[in-house]
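Trainee: I am new to this structure and would like to go through it with you. Could we have it on the screen first?

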Amino acid sequence: MPNNPTRPPLPAAPAVIAGFHHTIWLSADGEVETLSKKDAAARIRPDVRPLVCHARAVSQRLDVPAFDAYDLLELFAFVRPAQFTLPTPRGLAEAVGVPLPGTPEKEAESLFSTAKSLLSELSACTDPAAAAIARAMTRGGWAWGPSVLAMLDAAEISPSGTPADALRIWNQLPEWQEQPPQANPGNEPVGENEARTRVIELRGDGAENRIEQLEYASAAAAAFAPRERDREPRFVIAECGTGVGKTLGYIAPASLWTERNESPVWISTFTRNLQRQLNAELDRLHPDPDEKSARVVIRKGRENYFCVLNFEEALRRLPTHGGVQMAALGLMARWALATRDGDMIGGDFPAWLKDLLGTGLTTDLTDTRGECLYSACPHYAKCFVEHTVRRAKQADIVIANHALVMVQAACGGNGEGILPTRYVFDEGHHLFEAADGAFSAHLSGRETADLRRWLIGAEESSRSRSRGLKARLEDLVAGDAGAEEALDEVLRAARSLPGPGWSQRIGGGTPRGPAETFLALVRQQVYARDANPGSAYSLETETSEAVPGLREAAGKLEGALARLGQPMTALIRALAARLDANADELDTRSRTRIEALMRSIERRGVQQAAAWRAMLQALAGKAPEEFVDWFGVERIDGRDFDVGFHRHWIDPTRPFVEIVAEPAHGVLVTSATLCDRTAEDPGWATAEMRTGAVHLSTPAGRAYQPSPFDYAELTRILVVGDVARDDMDQVAAAYRELFLAANGGALGLFTAISRMRAVHERISTPLDEAGLPLFAQHIDAMDTGTLVDIFRSEEDACLLGTDAVRDGVDVPGRSLRLIVFDRIPWPRPDILHRARRKAFGGRAYDEMLTRIKLKQAYGRLVRRRDDRGIFVMLDRALPTRLTSTLPEGVRIQRIGLAEAIAETASFLNTED
C-alpha cells in the first residue's frame, strides 16, 4: 500500500495572474496584491518561482524574459496526458472539477486548488512508468518533480542507469499487425429514402424534425450511385445553409454505402476544427468507443505524427546526467504512452505544450522532412503512422484533409492500397485554394535546400539531425556496383543545391554553386523591380526581361538538375531490379521498404527536379498558358525568409479533376458558401468554377438547401461611415467602443497583421480594465486553434485575427455575438491574382471572391436558432453589390459610429 501524503505537498510559491494593465499576486499564505505591470515584472527573479498557468503567456504579458515557474499546464500534461484542457485558469479548473473562478483574484486562488487536485490524483496512480519518468524529469530540474514524486511515493534518485533509461517508451508501445489485403469495393447504391431513414435513426428520439436535412441527405445520396462510364464520376455540388444539419446529412448515405460495399468513404475537410466536429458527430453512428476506433479513422500526412525514432535520437543527444531538456522529453514520453494515434497536429497532443516547450522537442519530433526508414527502423512495428495507415484500410469512414487527399491521389495512393472511390469534400469552398497549394511548384532556397538535406543528410556545418539517402538505403544496394555508383553520383550532384548558410550567402552577394547563383540573381531582380522593396511584406516581380546573367544561371542550374535526376532514376531501376531478382527471398517488410523508398525518390527527387527543369527551360521563352510564373522574396517582419521561382496553375481545379475527381466513382462537394448566390442569380456558375465541375465531361448534380434561420430577425449589418479607415486611432476607438457595447463576445477581423497589432496595442488596456479578456492571433503566445478554443469557452472574451481566422471560428451561443471587419477584404492584387482575374472575368472575379469572404464571415454569427449577432463593417466604401449574397431580408444600415455603438448595445441587450 503506497504511503502517500494525505495532503499534496504544494510548493511555497505565489500564484500570479497577469493582465495587460494589472497583475494579481497571491502569496502562499493568502495575501492578495494588485500590482502594476512594472512592479509585477520586478518581482520575477531567479529566487522566485511563481505558480502560473502558461508561463510563456505570463512572461509575454509582463514583458519579461522566460522564467522558471510552477506551470500548472506542465503538471496537467503529466497527470492527465493526452487529455484536453483549455490553457487558462478557468479551463484548468473546469477540467479537474474545482469551482470555476469568476474574477482575477479567484483565478489566482484556483491555481492552488487545481494544483492540489491534480497532485491528489497521483495518489491513485498504479503506472510504474509514471514514477520512473518523474524521477528522470526531476533529475533534469523539473519544478514539479519533488511534489509529484512525493505523491507517487517514489525516491528522487533513479536506482540504476541514466535518467534517459526511464524514457525508452518504445519498450512499452504496442505493435501493429498486418491486415489482409483490401477487396475491390462493391457498387450497391444508396436510395434517397434509405438516406432519409438513416438520418432519422442518427438523430435519435426526440430530435427536431428538420425537413431540410432530409432533403439534403436525399440529394447527397446521388454521389453514391454507381457510375456509368470510366472517368465520369457521380459528382454532386450541394450548398447547404447553416442550421440544416449538413454533417449528418452526408454521414447517412456515406455510412450506408460503406456498410454495403465494404470499402471506406473518405470525408475530407479543410480545417482541423471541422475534423474535430465531424469526429464528434460520428459518435451518433458508433456510440461505442471501441467500435468507433475500429471503424472511424482520422488520417493525416506523415508529418503530423510522432516519430519514435526521432524521440530516441533526441534522448541520445542528452547529456548523461539528463539536463534541462529531460523535463520536456518526459512530458512527451507521458503523452506518447497515452495517445490515441500519435497525431501531434490537431489530435490529442495539446497545442499549448508546443508553446511551452518549443517546437524542437515537440512537433519537430514528427517526420517533417520525409526521412522515414520504413521497415529498417527499429521501431517500425510500433510506428504510429504505419498503424494508422493499416487502420484506415479496414475502416468504414476515413476523415482526412483536402491536401492529403490530393497528394495521395497524385502519388497513386503512396503504396497504401486501392485509392478511395467515394469522397465527400466538406468545406468545399476551399477546394480551389487547397488544389492551388497541392499542385503548385516552387524552386526556392528552402525547397532546394530541403531536397539537399533529404539526399545528403546532416552536414558538418549544420545542427540538423537529418538522415540522408545513404543512411536510408545503403544496406539495400550493398554489393550492387551499379546501384552503389548511382547513389554516390546522387550525393555528388546534390551538392549543387543550396547548403547550410545559403540564405546569408545569397543575401550577402556570395552565392556558392549553380542553385545559389540563380537564386541570388532572382533576388536581385525582385528587389530591382518591386515597387516597394523596403516593405515589411513579401516582394515579387515578373520573370520577363531578366537581369544580366539570370538566364545563363538558369541554364546551368537546369543542367545540374538533369545530372541529379539521371542517377536518381538509375537508383530506382536498381531497386526495382532487386525486387525482381530477390522476389523469393524478400519478406513483406523488406519489399514494403524498397517500394516506399522508390516512391519517395521518384516523388521527392525525380519529379521535383523535372518540374524545376521545366520551369527553368520556360525562362528562355514563354511559360505554358495554363500556368503563371513569377519571382518572389518571402519576408517575415521585414527580414528575408525565402527567395524563389514560383509556378501555379491559373485554374488549379483542372489537375484536381484529372487526378482526384475523374478516377473516383462518386464525389460530393458541399459547403454553406459554394455559390455566389443573389436574388437574381443562383450562382451555380461560381460553384462549378471553384470546384472544377466545369471541367467534367458530364454535368454535375446540383442541390441547394437554404438555412432555416431567420437572419432578418436574428442579425443586423452595420456599415459605419464616419471612421477614417487609415487613421488607426479612429479604427482602434471604434473597435474598443463596439466591443464594450457588446460586453465582449466579439471577433475583430483584419485585412493586415500590422493593422491588427496597432489596434491591439491601443485597446488591450481598456478592455482589461473593463474585465473583458482579449486574445489575438500572431500576438498571444498560443496557436490559433487554442485561441479559438478559449474564445469559444469564454462568453465575454474578445478575439482579434486576420481575415483567414474566420474559417476556424465555429462558436455557437453568446460567445460570438459581434463581428467587426476593419476593411473590405478585397483580394490582394499580386501577380497570381492578376492572372486569374484576367482569366475569370476581371472585376466580376474580384467582387465574387469578396462577396464570398463577407458571406463566410457573416455566417459565423448564427450557428443555432437562438443566436443573435451584429456584423459591423468599418469601411464606408462597401458597395451594395458586395452585400447581395447575404440572406434576403437582412437589414443593412449605413450609420455613424455613435449610432452603431448604440444599436449594438440595444440589439444585444447590453448597456450603452
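Trainee: What share of the residues is buried in the protein?

Mentor: Of the 912 residues, 58% are buried. Please keep in mind that this is a predicted model.

Trainee: And how many helices and strands are there?

Mentor: The secondary structure comes to 34 helices and 23 strands. The radius of gyration is 29 Å, close to the 29 Å from the globule rule for 912 residues, so the protein is as compact as a globular protein of that length.

Trainee: What does the C-alpha trace span along its principal axes?

Mentor: About 80 × 75 × 65 Å. The accessible surface is about 37,500 Å², and 47% of that surface belongs to carbon and sulfur atoms.

Trainee: What percentage of the contacts with a separation of 6 or more comes from residues 24 or more positions apart?

Mentor: Such residues account for 74% of those contacts.

Trainee: Let us turn to the aromatics. How many aromatic pairs does a search of the whole structure find?

Mentor: The search finds 22 aromatic pairs. In one of them, the ring centres of tryptophan 176 and tyrosine 380 are 5.3 Å apart and the planes stand at 80 degrees; the angle is over 60 degrees, so the pair counts as edge-to-face.

Trainee: Where do tryptophan 176 and tyrosine 380 lie?

Mentor: Tryptophan 176 is in the loop between helix H7 (145–152) and helix H8 (192–203), and tyrosine 380 is in the loop between helix H15 (351–357) and helix H16 (384–394), so the pair ties together parts 204 residues apart in sequence. Both tryptophan 176 and tyrosine 380 are buried.

Trainee: What about phenylalanine 631 and phenylalanine 645: why is that pair called edge-to-face?

Mentor: Their ring planes are at 75 degrees, with the centres 5.2 Å apart, so that pair is edge-to-face. Phenylalanine 631 belongs to strand E13 (residues 627–636) and phenylalanine 645 to strand E14 (residues 639–649), so the pair links parts that are 14 residues apart in sequence.

Trainee: Are these two phenylalanines buried or exposed?

Mentor: Phenylalanine 631 is buried, at 0% relative accessible area, and phenylalanine 645 is also buried, at 0%.

Trainee: Which residues form an aromatic cluster?

Mentor: Phe306, Phe311, Trp335, Phe349 and Phe384 form one.

Trainee: Which arginine lies over the face of tryptophan 454?

Mentor: Arginine 472 does, at 4.5 Å from the ring centre. Elsewhere, arginine 868 lies over the face of phenylalanine 907, at 4.0 Å from the ring centre.

Trainee: Now glycine 468. Where is it, and is it buried or exposed?

Mentor: Glycine 468 sits in the loop between helix H19 (445–456) and helix H20 (469–477). Its relative accessibility is 6%, and buried means under 20%, so glycine 468 counts as buried.

Trainee: What is glycine 468 in contact with, leaving aside neighbours within four places in sequence?

Mentor: Glycine 468 is in contact with Arg453, Trp454, Leu455, Ile456 and Gly457.

Trainee: One last topic, helix H5. What should its 18 residues span?

Mentor: At 1.5 Å a residue, helix H5 (residues 104–121) should span 26 Å, and its end C-alpha atoms are 26 Å apart, which agrees.

Trainee: Which elements do the buried residues of H5 pack against?

Mentor: They pack against strand E1 (15–18), strand E2 (22–26), strand E4 (51–52), helix H3 (72–79), helix H4 (89–96) and H7. Among the buried residues of H5 are Ala108, Leu111, Phe112 and Leu119.

Notes: Residues numbered from 1 in each chain as written. Predicted model: local features only at pLDDT ≥ 70, side-chain atom pairs only at ≥ 80, totals over all residues. Heavy atoms only, no water. Phe/Tyr/Trp six-rings, centres within 6.5 Å; stacked < 30°, edge-to-face > 60°. Helix = DSSP H or I, 4+ residues; strand = E, 2+ residues; numbered from the N terminus. Buried < 20%, exposed > 50% of the residue type's maximum accessible area, 1.4 Å probe, protein only. Lys NZ or Arg CZ within 6 Å of the ring centre and 35° of its normal. Expected span 1.5 Å × (residues − 1). Contact = heavy atoms within 4.5 Å. Rg over C-alpha atoms; globule rule 2.2 N^0.38 Å. Areas by Shrake-Rupley, 256 points an atom, 1.4 Å probe, with all protein chains shown as cover.
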